[in-house]
Each structure stands twice: as C-alpha cells, then as structure tokens.
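User: I am new to this structure and would like to learn how its features are read. Could you guide me step by step?

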Amino acid sequence: MTLMLGIDLGTTKTTAIAVDAQSGSIVAQATSPTSQNTATPRDQERGRSEFDVISLTQAGIECLRGVVQRLGSRVREVVGLGITGQQHGSVIVDRQRRPLTPFINWQDQRGNDLDESGRSWVEKANERIDEETARRSGCRLRTGFMGTTLYWLRETNQLPADGRACFLMDYFANELTDGPLLTDPSCAGSAGVFDVPTRDWSEAALSAMGLERVQFPQVREANKVVGRLTDRASQSTGLPSGMPVFVPIGDHQACFLGSVADRFESVLLNVGTGAQVAVFTPQCDYRFPIELRPFPISGNLLSFVGLSGGWSFQVVERFFRLIGEQLFGQKIEGTLYSQLTKLASQESPGSAGMSLLPTFSGTRANPHKRGALSGISARSLTPGNLVRSLLEGMANDYRQAYELICSVTGKKQSRLVTAGNGLRENQLLSSIVENEMQLVPVATKHREEAAFGAALIAGVGAQVFEDLHAAGRLVQYADVSPSETK
C-alpha cells in the first residue's frame, strides 16, 4: 500500500492528512490551532497582521506527529510530503534561514498606508510597473502581497540587509529538510512581481521596485524535491528520515487540485470567509479583473478572487445581533446564522424586489467600493428578505465572475465543483447558486481540499502518478442531494 502526506499551513489552524493512493480515502488526519496576531495592539489598530513563524512551524510539526501516531505501523507506507498554505504573505530570513521578521500575511494593511504626498504605498508600487509587465504578472499588486511588503520595507528603510523573503510554506519545508529556499510558480505568482509566461521572477518588475532576485526564493516546479527529511525532523515528527519533501504550492491552487477531478470540464467555486471562482486553462490569455494564477507543474488558473463569502453573512448577522442587544437589551448566546437562513428560506426568490450588493469591504479592483441596498418597499423590508437578498447578491456575483471567465475561454464548463464551508453548511445558498449558474453543485467527500491537493503533489513527485490529471481520479464527490425547495 502507498500513502501520501499533505499539510495545509494556516494562521488559524493547520491540518495534515495521509491519503491512500489506491482509494483516495483519508486514513489519518490531525489539526492544530495556530498562534494569534502577534502585532502590538497599536499596530493591530493600524492594520498590521503579523504572526510568529516559529510557532506556526511548530503547529505544523505537531500535526505531522499527530498523523504519524494515527498511522502506527503504516507510516512505512508514506512516500512523501506535499505542502501548501497561505500564499499571500512573507517572512524574511537571514543566510542561516533564521527569521528576521514575523510572518506578515495577506491581511496586513501597511501597503495602504499613505506617504507624505497622500498616496498609498501600493499605489506607488503599481505606478512603477509598466502595463505590459503588470499584465504578464497575472495580477495587480495588493497590500499583503510579498512584492508590496518588500517594497514598503525598502522604502521605509526597514528591509533587513542580506535578508531573503520566502513564503510560510517555503520556510516550513526548509525547517524539515535543511534544503534550499524553493518555491513553485503557484506561490511565486502571488507576490505580484512574477512573470507567468516564463514561470520565473519578473526582472522588469523587480528592477522597477528597486528589488533584486537574490531577495526571493528560487523557483522550481512542485514535483521537484526540496530535500529529504533530516534526522532532527524525523525525531520531531516520527516520519522516516530521508523521506522526500516536495516544493510547496499555493493554497488556492491546492484547493483546486483537491476538489476538481477533471480540470478541463470543471469550474471551482470556493466559499469560505471570502469566495473565489476558478477555471483551469493551458493558456496565458486573461482579462482584468480576472487574475492569471500559475497552476502547479503546467498551465494556469483563471481566477476571480475577493468575492463576497461568509464574512458578508457575518456582517448581516452582526446587524441583527445589535438590534437584539441595543433595542431589546437581549444578549444573544451563540450565532444567528441558522435562524436567519430559515427566515430567508421562507421568502420567495427575488426577495420581493429587494436587491443587496454585498461588497461591504470593496473589491480587488476597487477597494473603496461599498455595498448597496435597493428595491426596498413596505412589503420587502423583512428580516427574511434582507438575508435572502444577501445570498442572492452573493450568488449573482459568482455567476458574473464565471461568465467573465467564460468570455476569455470561449466555453462553459459542464460541472460546478464547490469547496469551503460557506456552501457545505448553507443549503439555501447552494440552491440559489444552482439556480443562478444553471449547474448542479457537487462537493468532495473530504473537507480538507487544500491538504488533499498537497498530498496529490507528493503522489506525482514520488511517481505514484504520471501527472496531476492522473492523480485527479482520487477526488471523489459526495452524493448530490436534491435541491431545497425555493
């Protein structure tokens, strides 16, 4: 028998799994909570989002140890480890790979700080990059991106001398193997200073921002070995010394890998705190605001990211909670999501003409854009219609994003694959999405899509599978339940 390990490193939790290469079943799983934002209270008020990279690494080691304990003697069947995690963010290390900065993740807002002229650092960074270089990067620079963070550190004279930036996953792989700092195109593409067609760092973008290639990790494809597990890491995790560890991949692409059995016929809708719509393409053609995200080993994803997800529902839930507390003096225990969804399900499609645009915190293209509520009448202004109009607004955004992607590919997909708890836990939203996109949504039997995708990388790297398309046969879908009456 053959087992493949995958681990998904996060700032809220980290999860590791062992996948059977024959059946695709998860035979062992372990999850560890991770550390909280370590920035000072004052810095957190300024939007700083920093984490102790050593604590995050330790959580990963604990997860691997937990999987080994559950595997028992089957640990001998493990052929390798694939790694994924938050791709937007960075930590700077010295020549001995010791951290010189915290892990500054994608939520960090220092790129939106204003300089003396009243312009934000991310605006200034984007102005330095010409249009063709920006197009070849596949995305625009945003705050929290590695390229933006290094530019901010450089311009504010805080970039450590001889420091080298890497992603959280790169640091973790190095800790396990003492190998070189390597990253794959799916991670590197998230830095905002990558050249997607050549699958390497963009010399033009780096030069424009006053950065150098030596400040970034080397780029290698995901099926290459970073190194082999050291004796020290073997003692910490219980995994066999010398086990191959493969180049880490980005969590967006890992989720696609771990969710989509047939990449050529599927569209992925991932709804968590936010939401993303993604379609695989072997080409490099795309159109803003779509992003072109490198796919592991070959090809790319056409991704529409930054869509409204669970956080938008959280905003509305908080509104009703405040009504109870501030008008009726009722301290509400637990959450109101199930009650609000039930009220919404009792209303008719269309929310009696009420329409809600759920861009409460802007979009990637326009961070200053805000939501809007329209079509309010005496009949429509009910709690149920307000919530239903939120869910319908979210589903409408997903459809529009998908149609924009289809306008680039020139075709529509035959299968809608869903990931994330936003759809798994809300059957009403799932049914509204089905109506809006005219595709029956399916979800995987497993819930750890990103870790599963990382495990598939290990399978290809260890030559258990010829390629990722062959490995995709392990992705299995739960039975499709009848749509909820609308």
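Analyst: We begin with a term. Helices (H or I, at least four residues) and strands (E, at least two) are DSSP runs, numbered from the N terminus. With these labels a position can be stated: Pro-289 lies in the loop between β17 (274-281) and β18 (291-294). Please keep in mind that this is a predicted model.

User: How many helices and strands are there in the protein chain?

Analyst: The protein chain has 17 helices and 23 strands. Its radius of gyration is 22 Å, close to the 23 Å that the globule rule gives for 486 residues, so the chain is as compact as a globular protein of that length. Along the principal axes, the C-alpha atoms fill a box of roughly 70 × 60 × 50 Å. Of the contacts with a separation of 6 or more, 68% are between residues 24 or more positions apart.

User: Is the peptide bond from Phe-288 to Pro-289 cis or trans?

Analyst: The general idea comes first. Most residues other than glycine have a negative phi, and most peptide bonds are trans. Here, the bond from Phe-288 to Pro-289 is cis, and its omega is near 10°.

User: Which residues other than glycine have a positive phi?

Analyst: Arg-199 is one of them, with phi near 55°. This residue sits in the loop between β10 (194-195) and β11 (200-201). Ile-297 is another, with a positive phi of about 75°, and is placed in the loop between β18 and β19 (300-308).

User: Is Arg-199 buried or exposed?

Analyst: The cut-off is needed for this step: buried means under 20% relative accessible area, exposed over 50%, and partly exposed in between. Arg-199 has a relative accessible area of 17% and is therefore buried. Ile-297, at 27%, is partly exposed. For the chain as a whole, 56% of the 486 residues are buried.

User: What is Thr-149 in contact with, and where is it found?

Analyst: Thr-149 belongs to helix α5 (residues 146-155). Because its relative accessibility is 2%, Thr-149 counts as buried. Not counting residues up to four places away in sequence, Thr-149 touches Ser-90, Ile-104 and Gly-144. Beyond its neighbours within four places in sequence, Ala-372 contacts Ser-355, Leu-356 and Leu-357.

User: How is the packing of two helices described?

Analyst: Two packed helices are described by the angle between their axes and the distance between the axes. Helix α2 (residues 53-71) and helix α6 (residues 168-177) pack at about 60°, with axes 10 Å apart. That angle makes α2 oblique to α6, and α2 passes α6 in a right-handed crossing. The contact involves Val-53, Ile-54, Leu-56, Thr-57, Gly-60, Ile-61 and Leu-64 of α2, together with Leu-168, Tyr-171, Phe-172, Glu-175 and Leu-176 of α6. By class, the contact of α2 with α6 has nine nonpolar, two polar and one charged residues.

User: At what angle do helix α13 and helix α15 pack?

Analyst: Helix α13 (residues 383-409) and helix α15 (residues 427-437) pack at about 40°, and their axes are 9 Å apart. The two helices are therefore oblique to each other, and α13 passes α15 in a right-handed crossing. Residues making the contact include Leu-391, Met-394 and Tyr-398 of α13 and Leu-428, Ile-432 and Val-433 of α15. By class, the contact of α13 with α15 has ten nonpolar, one polar and four charged residues.

User: How many residues of α15 are buried?

Analyst: Eight of the eleven residues of α15 are buried, so this helix is largely enclosed by the rest of the structure. Among them are Ser-430, Ser-431 and Glu-434. The buried residues of α15 pack against β16 (266-271), α12 (337-345), α13, β22 (415-419), α14 (421-424) and β23 (441-443). Helix α10 (residues 251-259) is likewise largely enclosed, because eight of its nine residues are buried. Its buried residues include His-252, Cys-255 and Phe-256.

Note on methods. Residues are numbered from 1 along each chain as its sequence is written. This is a predicted model: local features need pLDDT of at least 70, side-chain atom pairs count only at pLDDT 80 or more; totals for chains, interfaces and linings use all residues. Side-chain values use heavy atoms; hydrogens and water are left out. Axes are lines fitted to C-alpha atoms, for helices over the stretch in contact, and angles run from 0 to 180 degrees between N-to-C directions. Angles under 35 degrees count as roughly parallel, over 145 as roughly antiparallel, 65 to 115 as roughly perpendicular and the rest as oblique. A crossing is left-handed if the near helix is turned anticlockwise from the far one by less than a right angle, and right-handed if clockwise. Contact means heavy atoms within 4.5 Å. Ala, Val, Leu, Ile, Met, Phe, Trp, Tyr, Cys and Pro count as nonpolar, Asp, Glu, Lys and Arg as charged, and the others, Gly among them, as polar. The radius of gyration is taken over C-alpha atoms; the globule rule is 2.2 Å times the number of residues to the power 0.38. Buried means under 20% relative accessible area, exposed over 50%, partly exposed in between (1.4 Å probe, protein chains only).
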